[in-house]
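Dear colleague,

I am handing over the structure that we talked about, and my notes on it follow below. Please read them with the model open beside you.

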Amino acid sequence: MDKVIPILPCPNLAAQVEFFNALGFKLIGGSSYYAVMEYGNISLHFWVNKKLVPAENPTMCLIQTEDVYSLCDVFTNNLKAYYEKIPRTGAPKITKVRELSEDYRFTLTDTGGNTFYICMPRTSDTIIPLRTLGNEKYAKDFAVLYDLMYSKESPETAARFLPKLTAVIDKFDDIDKAKLLLINFDIATEINQIFDDKELSMLLKTYAGEGDWSEIQRKYETLKTDRRNMKQ
């Protein structure tokens, strides 16, 4: 059986091993300058590069999984237990699952600045409910906003684009309005701005359990949890 195992750099091997142990990985071999970590079928090797600056590390690794949501939950909960909060910025950090046109994915950055894209492929004909507006006039702009936030991972750029849509939100029906308010809430959380979620909360109470509303509710609850964690 063929298998590819990445060998990734880190400036501090002890800190790297400690971080991956916190995630749930096990150290199965190595030396003072090399470590072999495993989690299920995921195998990662690390070597010491003391000159490496984590913030400048361009190394990336793509990991495919059959259940990205469960794996993200496990890693997130393990890191929260270890750090007493969810690390969302810098190195290390972990993101929420993002629903993109090609896959569902979350991003994990370790203490050495290595970036892991952990994904679950989607079929080509799958529609992303939270990326799609019923209002055809503004659907393309909304998709751009969504991709800036989740594909490009640039909440600052998304925040600059956002007013183009919030200026016309009164032209949206309730479910389109809820989708825009939801991404507004997420952007505000990421850039540490105040967001009044009363209107979104009222819409969710009105349409609880109907169609795409359950997906909006799930995302909303995740955002509220993240916002509480950031305040701790």
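Phe 75 is buried, at a relative accessible area of 1%, where buried means under 20% relative accessible area, exposed over 50% and partly exposed in between (1.4 Å probe, protein chains only). Please keep in mind that this is a predicted model, in which local features need pLDDT of at least 70 and side-chain atom pairs count only at pLDDT 80 or more, while totals for chains, interfaces and linings use all residues. Residues are numbered from 1 along each chain as its sequence is written, and side-chain values use heavy atoms, with hydrogens and water left out.

Now to the aromatic rings. Rings of Phe, Tyr and Trp (its six-membered ring) pair if their centres lie within 6.5 Å, and planes under 30 degrees apart count as stacked, over 60 as edge-to-face and the rest as tilted. By this rule there are 15 aromatic pairs. In one of them, the ring centres of Tyr 39 and Phe 75 are 5.3 Å apart and the planes stand at 70°, so the pair is edge-to-face. Tyr 39 itself is partly exposed, at 24% relative accessibility.

The rings of Tyr 207 and Trp 213 have centres 4.6 Å apart and planes at 10°, so this pair is stacked. Here Tyr 207 is partly exposed at 23% relative accessibility, whereas Trp 213 is buried at 6%.

Finally, ring pairs link Phe 19, Phe 20, Phe 25, Tyr 39, Phe 46, Phe 75, Phe 106 and Phe 116 into a cluster.
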